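Please keep the coordinates open while reading.

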Amino acid sequence: MYDDIDSWCQGQCMNANRRKVRTYQHALATYDAESSRWHAPLVLPEPPATPRLAYPIYGEPVYCSACVYGIKAQLSQLDVLACVYLRECDGMRGASSEPRVSGSAEPPSPSPALDELDALDGWFRSWRADYLKVDSFARQGLLVDSLTYGCAWLTARAERILGRAEVAQLFGDEVIEWHNKLSGVAKTEPRRVPKTLRCPQCHLATLSQLEGEDRIECRNSSCGENRGGPKVMTLDEYEGHVADALLAVQAVRRAS
Ligand SMILES: [Zn+2]
Ligand SMILES: [Zn+2]
């Protein structure tokens with residue numbers, strides 16, 4: 001039974017079917033094992049019911065046309081997701097334990113987000129090389145330009161790559177993996193929002209808030225060095241400081 005399962009579309013359109021078949025086969029194996037141990041006076045259990053499946057859609061040769069279209073759409077979004085990913089992860093975004101601080105003399109710490117995008121660019125280039133049957137491509141120009149070019153180049157050839165039985169599934173799996181990786185971070189990690197007021201303790205513009213948290217903190221690692229560490233306050237306290245600052249500005253205006 002289900003001996004044509006390998007020729008079903010390997011995309012998500014057949015995921016539910018595959019899951020039901022796996023569950024059924026597992027239940028059937030358990031049932032067979034139990035009935036082989038069966039003896040009177042035990043009651044033989046009911047065999048598992050065959051699953052109700054959607055009518056199978058076959059790969060052409062690996063994916064159906066709807067799944068090819070879906071993977072191509074995900075591929076085409078990778079360069080935009082890469083930009084969002086970099087913006088979300090870089091700089092203030094806790095890319096490393098030592099946040100970059102304006103005015104600090106330390107060199108910027110290496111960014112894991114950049115490493116990730118570097119790997120994405122390498123992935124684009126290796127599939128381009130594979131397609132053109134050459135060994136490899138060196139990056140030309142800036143990373144962001146290379147990503148935009150690499151993404152567009154592969155997207156234009158996605159149907160042909162996804163139509164090759166030998167590589168289609170590997171390519172499709174990798175596109176989905178990249179898409180999940182880049183869009184997952186952009187969605188699940190809260191954004192760090194910089195605040196306009198300067199830190200009342202170190203006077204640098206280094207205050208920020210993790211979206212949705214009642215906690216404003218100074219990200220200058222040397223803030224409050226001899227006074228118990230960087231400034232942390234609630235939103236209420238921050239707004240109190242904002243009100244004070246406004247009053248001070250108004251007082252200066254009135255005096256002049
Ligand atoms: Zn499909
Ligand atoms: Zn501070």
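Helices H4 and H5 are oblique to each other, because their axes cross at roughly 40°, and the terms for such angles are roughly parallel under 35 degrees, roughly antiparallel over 145, roughly perpendicular from 65 to 115, and oblique for the rest. H4 covers residues 112-132 and H5 residues 143-156, and their axes come within 9 Å. An axis here is a line fitted to C-alpha atoms, for helices over the stretch in contact, with angles running from 0 to 180 degrees between N-to-C directions. The crossing of H4 past H5 is left-handed, that is, the near helix is turned anticlockwise from the far one by less than a right angle.

This is a predicted model, in which local features need pLDDT of at least 70 and side-chain atom pairs count only at pLDDT 80 or more, while totals for chains, interfaces and linings use all residues. Residues are numbered from 1 along each chain as its sequence is written, and chains are lettered from A and ligands numbered from 1 in the order in which they are written.

On the H4 side, the residues that meet H5 are Leu117, Asp118, Leu120, Asp121, Phe124, Arg125, Trp127 and Arg128. H5 contributes Leu143, Ser146, Leu147, Gly150, Cys151, Trp153 and Leu154. Two residues are in contact here if their C-beta atoms, placed from the backbone, lie within 7 Å. By class, the residues of this contact are nine nonpolar, two polar and four charged; Ala, Val, Leu, Ile, Met, Phe, Trp, Tyr, Cys and Pro count as nonpolar, Asp, Glu, Lys and Arg as charged, and the others, Gly among them, as polar. An α-helix has 3.6 residues a turn, so residues three or four places apart point the same way.

H5 also packs against helix H3 (residues 78-89), where the axes come within 8 Å and cross at roughly 155°. H3 and H5 are therefore roughly antiparallel. Leu78, Asp79 and Ala82 of H3 make this contact with Leu147, Thr148 and Cys151 of H5. Its residues comprise four nonpolar, one polar and one charged.

The chain as a whole has eight helices and four strands, taken as DSSP runs numbered from the N terminus, with helices (H or I) of at least four residues and strands (E) of at least two. In order from the N terminus, the elements are α-α-α-α-α-α-α-β-β-β-β-α. Of the 256 residues, 23% are buried, a term for 20 or more other C-beta atoms within 10 Å of a residue's own, with exposed meaning 12 or fewer and partly exposed the range in between, and with C-beta atoms placed from the backbone.

Helix H1 (residues 15-36) lies largely in the open, because the number buried among its 22 residues is one. Ile5, in the segment before H1, is partly exposed, with 14 C-beta neighbours inside 10 Å. From Ile5 to Val21 the C-alpha distance is 9.0 Å, at a sequence separation of 16 residues.

Some loops hold backbone exceptions. Most residues other than glycine have a negative phi, and most peptide bonds are trans. The bond from Glu60 to Pro61 is cis, with omega near -5°, and Pro61 is in the loop between H1 and helix H2 (65-76). Lys133, in the loop between H4 and H5, has a positive phi of about 55° and is exposed, with 6 C-beta neighbours inside 10 Å. His203 has a phi near 65° and is found in the loop between strands E1 (192-194) and E2 (207-210). His203 is also exposed, with 10 other C-beta atoms within 10 Å.
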